[in-house]
Amino acid sequence: SAEIFGFKNRDTLKYAHDLGMAFQLTNILRDVREDAERGRVYLPQDELEKFGVTRQDLTQPVTSDSLQALFQFQAERARDYYKKAFNELPDEDRYAQRAGLIMAEIYQSLLDEIEDDKYHVLEHRIKLTPLRKIWLAWRTARREKKRHKQHLRQQA
C-alpha cells in the first residue's frame, strides 16, 4: 500500500514492511482460535513448544497461564514491529502514509483491548466498535494534518 499512497524516501518501504508485520501479528493473535478450528495455526511450532502449548489448546475456550504467556509474547512482538515501523517512517512521507497510520492506530487499540482483556481471545472475539474506529481515524488524521502543516512550515 505504501507505493499506492506515495513516498519520496525509500525508507518508507521498510516502514511499510514492518507495519504490515505488526498488522499480521495482531490479526493472528485476534483470530487464533478461529484459525485453529479451521486447521490453521500461524504461531511458530517452536514457540508453541517453548510455552508448552499444543495446537489442540488453541481450539479450547480456556486461556491457561501457558497460553496467556504465549499470547503476551506475541503481543510484545507486534508492539516491537509497530515501534520499528514508526521509527523508520521519514517525516517527509508521513502525510502521504496517513492511511497506514490510521490503520496502525486502530490495530494498536485492538491490541490494547486484547492485552486489557488478559489475552482471552479463545473465549470471545475482541473487537472495536465502528464508532471507536471512526473516532480513532478522525483523531489520527487530524494529528497527522497538524504535523504535516508544521513540517511544511519548517521546510519553508
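**Figure 1. Overview of the predicted protein chain and its confidence****.** The chain contains eight helices and zero strands, where helices (H or I, at least four residues) and strands (E, at least two) are DSSP runs numbered from the N terminus. The C-alpha atoms occupy a box of roughly 60 × 30 × 25 Å, taken along the principal axes. The mean pLDDT, the predictor's confidence in each residue on a scale from 0 to 100, is 95 for the chain, and 100% of the residues score at least 70. Confidence is lowest in helix α1 (residues 2–5), with a mean of 81, and highest in α5, at 98. Residues are numbered from 1 along each chain as its sequence is written, and side-chain values use heavy atoms, with hydrogens and water left out. Because the model is predicted, local features need pLDDT of at least 70 and side-chain atom pairs count only at pLDDT 80 or more, whereas totals for chains, interfaces and linings use all residues.

**Figure 2. Packing of helix α2 against helix α5****.** The two helices pack at an angle of about 160°, with their axes 8 Å apart; axes are lines fitted to C-alpha atoms, for helices over the stretch in contact, and angles run from 0 to 180 degrees between N-to-C directions. This makes α2 roughly antiparallel to α5, a label for angles over 145 degrees, while those under 35 count as roughly parallel, 65 to 115 as roughly perpendicular and the rest as oblique. The crossing of α2 past α5 is left-handed, that is, the near helix is turned anticlockwise from the far one by less than a right angle, clockwise being right-handed. Contact means heavy atoms within 4.5 Å, and the residues that make it include Leu-19, Phe-23 and Leu-29 of α2 and Ala-78, Tyr-82 and Phe-86 of α5. By class, this contact has 14 nonpolar, two polar and six charged residues, with Ala, Val, Leu, Ile, Met, Phe, Trp, Tyr, Cys and Pro counted as nonpolar, Asp, Glu, Lys and Arg as charged, and the others, Gly among them, as polar.

**Figure 3. Packing of helix α5 against helix α7****.** Helix α5 (residues 65–88) packs on helix α7 (residues 98–116) at about 155°, and their axes are 11 Å apart. The pair is therefore roughly antiparallel, and α5 passes α7 in a left-handed crossing. Among the residues that meet are Ala-75, Arg-79 and Tyr-82 in α5 and Leu-101, Tyr-107 and Glu-115 in α7. The contact comprises eight nonpolar, one polar and three charged residues.

**Figure 4. Packing of helix α2 against helix α7****.** Helix α2 (residues 11–30) and α7 pack at an angle of about 35°, with 10 Å between their axes, and the crossing is left-handed. Divided by class, the contact has 11 nonpolar, three polar and one charged residues.

**Figure 5. The aromatic pair of Phe-51 and Phe-73****.** The structure holds four aromatic pairs, defined for rings of Phe, Tyr and Trp (its six-membered ring) with centres within 6.5 Å, where planes under 30 degrees apart count as stacked, over 60 as edge-to-face and the rest as tilted. In the pair shown, the ring centres are 5.5 Å apart and the planes stand at 50°, so the pair is tilted. Phe-51 lies in the loop between α4 (45–50) and α5, and Phe-73 in helix α5, so the pair ties together parts that are 22 residues apart in sequence.
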